[in-house]
Amino acid sequence: MAPQDRISRLAQQIGDRLQNASQAPEDIQKGVQQVVRGAFDRLELVSREDFDILMDVLQRTRSRRSSRAPSGQPGSGDRSI
């Protein structure tokens, strides 16, 4: 699903929760939090720490790979993402 579709769906769900404005503010807040938590869970986000660890592993792997490949051969050099 495209990010724009996810945002639209999230906005729709929040709007649906807010339509019942006669509810207590705590109930509205809990409902919105549930919608937002569900949206973040589906995005499969990672923490900054995990991201940094994975980037370090990727850089070490690329470094080892480039040191093993003869120059001029496919796979030599470091490609940017």
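## Salt bridges

A salt bridge is a side-chain nitrogen of Lys or Arg within 4 Å of a carboxyl oxygen of Asp or Glu. Side chains of opposite charge can pair when their charged atoms come close. This predicted model counts side-chain atom pairs only at pLDDT 80 or more, asks for pLDDT of at least 70 for local features, and uses all residues for totals of chains, interfaces and linings. Residues are numbered from 1 along each chain as its sequence is written, and side-chain values use heavy atoms, with hydrogens and water left out.

The structure holds 2 salt bridges. Arg60 pairs with Asp56, with the closest N and O atoms 3.6 Å apart. Both sit in helix H3, 4 residues apart, so about one helical turn separates them. Arg60 is partly exposed at 41% relative accessibility. Asp56 is partly exposed too, at 38%. Here buried means under 20% relative accessible area, exposed over 50%, and partly exposed in between (1.4 Å probe, protein chains only).

Asp52 forms a salt bridge with Arg48; their closest N and O atoms are 3.2 Å apart. These residues also lie 4 residues apart in helix H3, about one turn of the helix. Asp52 is partly exposed at 37% relative accessibility, whereas Arg48 is exposed at 60%.

## Fold and confidence

The chain has 3 helices and 0 strands. Its elements run α-α-α from the N terminus on. Helices (H or I, at least four residues) and strands (E, at least two) are DSSP runs, numbered from the N terminus.

The average pLDDT of the chain is 78, and 75% of the residues score at least 70. pLDDT is the predictor's confidence in each residue, from 0 to 100. Among the elements, H1 has the lowest mean pLDDT (75), and helix H3 (residues 48-68) has the highest (94).

## Burial

Of the chain's 81 residues, 9% count as buried.

## Largest pocket

The largest pocket holds about 180 Å³ of space. A pocket is an open set of points on a 1 Å grid over the protein atoms alone, where a 1.4 Å probe fits, with protein on both sides within 12 Å along at least five of seven lines; lining residues have an atom within 4 Å of a point. Grid points are joined across faces, edges and corners, and the volume is the space filled by probe spheres set on the points.

The lining has 11 residues, with Arg6, Ile7, Leu10, Ala39 and Leu43 nearest the pocket's centre. Helix H1 (3-19) and helix H2 (25-43) are the elements that give two or more residues to this lining.
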